[in-house]
Each structure stands twice: as structure tokens, then as C-alpha cells.
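User: I'm new to this one, and I'd like someone to walk me through it step by step. Could we look at it together?

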Amino acid sequence: MADVFEEYLKTIDTVICKLQFLLSVASLLPSSLISDHESRLLYQFSTNITQCRRGLTVAFIQSLNQDIQKWMDEKVSVKKLDEDIRNGLDGCHKEKVMQMLCCLCDTENLKMIENEDCDKHLIKHDKEKVYLKGKDKIVPPFRFGVEDVATKMWFHKLAYPGQCLTNSHLDIIFYYLRKKGKYAKEPKVKFTTTDCLFFKTIHALYEKFIAQKKNLSLITAQHAIADYIRGRKMLCGSPWHLCDHVFFIIHMETESHWILGRLNIEERRVYMYNSLSTAMKDSAAIKACQPFAVLLPHFFALFDEFKKENKPVCLDPFEVVKVDGLPQQTSNDCGCFVASFAEYFIDMKPIPPIFDVEKHRDRLAVLFYKYARMKEVEFIDSEDEAPPKGPKKNLS
């Protein structure tokens, strides 16, 4: 809006300058070439345009003040919601979620919410397409540091039970878990996380490692896995030697299922969290953890920080331990379970035997939508998300 207004002013200023030039020329001409009446008309026209310019400026400022007031109202609304959900898992209710997400719904779904027809609403959102063509866009996209979210369906998949979470969901969730641990004043647990690309990278390396009869020359300090261990590969990463635990997002492709891995560096164990536990599924899950258990000891041996009392790092594979007694999913909610298992451990809270998937999904959807709107309204960028600063100039 400001850019368009500026262009209008430039055009008007150009016209005014030309008129003033004509007036100065007319004053020098003899009356035989230009009459007093024509000169007055020219002067009046110049005066009218100048007044018009002042009027446009006043109207623009009034419009801008209205926009600022609207932004301030949204800011107050966002802070009020933040207070409502600050109590954590127990402070979030379905009604607030529906109110918060209603602006992401098409007309038909909004009527369902207003009529409190929640069951019909949830059935509606089991479908892949809940929006009319062209109505799914978020403009400008919401910025979440590691990725931008440009579609409303991202929030629907996060908010409604039975929807499979994608790499995008889990990468963003685990990025904010890293921030939570790294910037907390008194973190309860020293940890970091990886992302979905780490899983793909280490699995690809493991396949090559086995195919080449455990060729150790594949494991080098220049490999991408080593950069993850240094804490350099991701936004808000931490060096692993400064952490007690590392969380892994693991996707069992043949099962189309997410599980959580947690490496306890001191114990040399990988704990496996599976929300769909059967003898067959657990066997496949333990197999999916093998690349981490086999390769990471060899990578640790490349770093002096992991050596104790100047003794070499043990190259034996880490033990993989299944975590028992976990709540089990009844639909395609494994991604939500993975995120919640990690957060419960980070907060040092016991994982409840009965897991309310709907409540956890509601909370995640509201928190991320609220945070994205707050960043948009207040023009906020986290320090680790801001564009890199240019090199300092040498003034000498």
C-alpha cells in the first residue's frame, strides 16, 4: 500500500513542478501572448492539485492508523490466547482450538463449527482436500525457521486425529524442541535432536556400509553425519558431546510408520519408542534403529571429546532397548505420539498410560498457529532464523 501511495505522490509532484514552471514562464510573457484570465486559471489549477496532494496524504495516514489499530488488536488477541494455553496440556480446550482455526476453514466447515457439529467436522477433515481450489494458500507463508508453511492443509493435518504427519511437521516440531532446550534458563535435560534428513542420510550410508562389507573408509570427519555431531548441520543445533541425549526421528518406510529413537550417550544405548507395538512391528523398529547403533560409535571415535581418560572410544554397536508400557495409537497418529514422547522426556514428565491424541494435536496446532501469527503481527525473527549479517567493514 505504501509503495502505491508513494508512486501516486511522485506523479502529482511531477505535475505540480511542471505547472510551477509554466507559471514562471507565463509571468515573463507579454499580455498579448497570454491573458490575465488564462494565467489565473493556470494558477488555480496548480493550487487545486497541491490541495489534492495534501488530502491524499491525510487520507493515507488515517488508513494507516486504522491498519495499525487492527494489528494492535490482533496482538492483544494473540497474547490473550497465549495466557489461556500457557498452563500446558491441560489448559487447551476444543472450543478455543475451533475459534482459533476457524479462519483457516472454508464456509461449509465454518458452519459446522458454529453449529458445534464437531463429529461431522472431524469426518470432513479425514479427506485430503477440504478447501475449494485456490482457497488453501496462506499468503504470505508462515515462517517457522527451518521451513515455510504456505498451505492451510498443513494445520489441518496437524490438528485432526487420523491424519499422517509429514517430514515438514516433524522437522518443525523438533526444531522448536531444540530451541526449547537450548535457550531455557535452567534446562531439565541436556539434549539435542536431529531431523528427517539425518535419518535418510544415515540409512543411505548404512546400506552402502553393509554392501561394501563394512567398509570403514566410508566413515570420515567430512561426512554430513559428522557435521550433525558437531552441531553445525541444523538451525539451533548443539554439539553432541555437550548433550546427554540425542533424539532421532525414524521413519519405517515399509510400515509407513514413525517411531522415536533416543540415544543416551553415557549409557551407550538407543531407546526405541513405538506407539504401534506388536512382535512384528517391534522387530522392524529395532531393525530401523540399527544404522544409528552401528555407525555412530565409529563417528564418535573421530572426535576427542568422546574419549574418556584418554581411552579410545568403544566401537561396539550401541544396545537398542525397547521402551515398554507406552500408550498405543488406534489410527494414523504415530507422528503426534513421536513428538509427544520426546516432549514428555524433555520436561521430565511420565508418559501417561492413556494418551488423548485429540488434545495433543489441538495444542500443537494452536501453539504453532498462534506463534506464526505473533511473528507476522510483530515482525519478529528469532536470532537463529534472521538473515546472516554481512562482514564488518574495515574503517582503518
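Predicted model: local features only at pLDDT ≥ 70, side-chain atom pairs only at ≥ 80, totals over all residues.

User: Let's start with the aromatic rings, then. How many aromatic pairs are there?

Analyst: The count comes to 28 aromatic pairs.

User: Are Phe198 and Tyr228 buried or exposed?

Analyst: Both Phe198 and Tyr228 are buried. They also belong to one aromatic cluster, whose members include Phe199, Trp240, Phe248 and Phe292.

User: And which helix holds Phe337 and Phe341?

Analyst: Both of those residues lie in helix α11 (residues 334-346), where they are 4 residues apart, about one turn of the helix. Phe337 and Phe341 form an edge-to-face pair as well, with 5.8 Å from centre to centre and 70° between the planes. Phe337 has a relative accessibility of 1% and therefore counts as buried, and Phe341, at 1%, counts as buried too.

User: What about the nonpolar core, how many residues does the largest one have?

Analyst: The largest nonpolar core has 46 residues, and those with the most contacts inside it are Phe144, Phe155, Phe174 and Phe368. Among the elements that give two or more residues to this core are β1 (137-143), α6 (153-159), α7 (167-183) and α12 (357-378).

User: Which element gives the most to this core?

Analyst: That is α11, which gives 9 residues to the core. There is also a second, separate core of 38 residues, and it includes Phe198, Ile225, Val270 and Val320. As a general point, nonpolar side chains tend to be buried together in soluble globular proteins.

User: Back to α7 for a moment. Why is α7 said to be largely enclosed by the rest of the structure?

Analyst: Helix α7 is described in that way because 13 of its 17 residues are buried. From its first C-alpha to its last, α7 reaches 24 Å, which is close to the 24 Å expected at 1.5 Å a residue.

User: What other salt bridges could you show me?

Analyst: Glu255 forms one with Lys281, where the closest N and O atoms are 2.8 Å apart. That pair also links distant parts of the chain, with Glu255 in the loop between β4 and β5 and Lys281 in helix α10 (residues 279-300), 26 residues apart. In another, the side chains of Asp324 and Lys322 meet at 2.7 Å, N to O; Asp324 is exposed, with a relative accessible area of 59%, and Lys322 is partly exposed at 27%. Salt bridges that share partners also join Lys180, Glu343, Asp347 and Arg363 into one network.

User: Let's change topic to the backbone. Which peptide bond is cis, with omega near -5°?

Analyst: It is the bond from Val139 to Pro140, and Pro140 has its place in strand β1.

User: And where does Lys214, with its positive phi, sit?

Analyst: Lys214 sits in the loop between α8 and α9, and its phi is near 55°, a positive value in a residue other than glycine. Lys214 is exposed, with a relative accessible area of 57%. Arg268 also has a positive phi, of about 55°, although it is not a glycine. Arg268 lies in the loop between β5 and β6 and is partly exposed, with a relative accessible area of 23%.

Terms used: Residues numbered from 1 in each chain as written. Heavy atoms only, no water. Phe/Tyr/Trp six-rings, centres within 6.5 Å; stacked < 30°, edge-to-face > 60°. Buried < 20%, exposed > 50% of the residue type's maximum accessible area, 1.4 Å probe, protein only. Core = buried A, V, L, I, M, F, W, Y, C linked by side-chain atoms within 4.5 Å. Expected span 1.5 Å × (residues − 1). Salt bridge = Lys/Arg side-chain N within 4 Å of Asp/Glu carboxyl O.
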